[in-house]
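User: I have a model open and would like to learn how to read a few of its features. Could you walk me through it?

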Amino acid sequence: MAVLPVNSENNRGGAIAAANSVRTFSVQIVSLLTTLLDRIVLTGILIRSWGTEGYSDWVTIVSATSMMVIFEFGFQHYVGNQLVKCHARNYSASFQNILSWGMFVSLLLGVVLTALVLLIAGFVQLDDALGLFSTELVGVFIVLGIWNVARVSRGPLLQVYRGQGQYYRYLWADISATLSGIVLAIFAALMGAGPFAVAMIYL
């Protein structure tokens with residue numbers, strides 16, 4: 001049986017690491033372009049379509065519902081760190097156990113946060129609490145709230161890529177969903193869609 005020289009194995013490992021670095025850098029470039037598309041292009045189109053007051057309400061609700069993400073208290077990153085350790089030590093059984101446990105906790109947290117979103121929407125006067133111009137944005141709040149809760153619930157699944165050392169795939173899985181939502185939101189706003197229709201796109 002032929003045995004590969006040590007240098008050959010080192011070269012192969014170095015080539016894989018270099019390829020992963022290039023992929024990660026490429027994804028980060030896409031992430032930057034996605035941010036520019038969101039902050040400049042989409043913002044300008046929404047202001048033109050809805051006016052400054054309509055856009056102000058949209059940004060306020062987006063900011064308020066984004067707060068749902070903080071209630072996971074860094075749990076996703078904790079799961080990711082544990083998966084990285086298990087993968088590095090070749091603990092496949094522990095890897096699966098941590099992933100299953102992480103998914104269970106995230107889904108349970110998702111149920112709790114969804115109930116919180118519905119309670120706030122049902123019992124809080126959002127236009128007064130958030131200083132909104134419109135009084136008809138409860139549906140937008142619910143949709144964007146559930147979208148942010150879904151981000152929390154799917155977190156451990158994305159951490160699998162990070163745990164396996166495929167950081168570029170971890171980044172791309174998150175960015176691709178955001179990018180597609182922004183592009184569709186741009187087209188929807190150009191066609192005259194209102195806040196609720198645009199919010200539904202993100203789901």
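Analyst: Happy to! Helices here are DSSP runs of at least four residues, numbered from the N terminus. Keep in mind that this is a predicted model. Just after α6, G165 takes a positive phi of about 80°.

User: Which residues other than glycine have a positive phi?

Analyst: The general idea is that most residues other than glycine have a negative phi. Here, F73 has a positive phi near 50°, and N90 has one of about 60°. F73 sits in the loop between α1 and α2, while N90 belongs to the loop between α2 and α3.

User: Is F73 buried or exposed?

Analyst: Exposed means over 50% relative accessible area. F73 counts as exposed because its relative accessibility is 70%. N90 is exposed too, at 66%.

User: Why is helix α6 described as largely enclosed?

Analyst: Buried means under 20% relative accessible area. In α6 (residues 155-163), 7 of the 9 residues are buried, so the rest of the structure largely encloses this helix. Among the buried ones are L158, V160 and R162. Their cover includes α2 (75-88), α3 (92-123), α5 (138-153) and α7 (167-190).

User: What about the largest nonpolar core?

Analyst: In soluble globular proteins, nonpolar side chains tend to be buried together. In this model, the largest nonpolar core has 29 residues, and those with the most contacts inside it include W58, V140 and Y202. Two or more residues come from each of α1 (6-66), α3, α5, α7 and α8 (195-202). The biggest contribution is from α1, with 7 residues.

User: Which residues does W58 touch?

Analyst: Leaving out residues up to four places away in sequence, W58 touches L46, W50, V140, L144, P195, V198, A199 and Y202.

Note on methods
Residues are numbered from 1 along each chain as its sequence is written. Side-chain values use heavy atoms; hydrogens and water are left out. Buried means under 20% relative accessible area, exposed over 50%, partly exposed in between (1.4 Å probe, protein chains only). Contact means heavy atoms within 4.5 Å. A nonpolar core is a set of buried Ala, Val, Leu, Ile, Met, Phe, Trp, Tyr and Cys residues joined through side-chain atoms within 4.5 Å.
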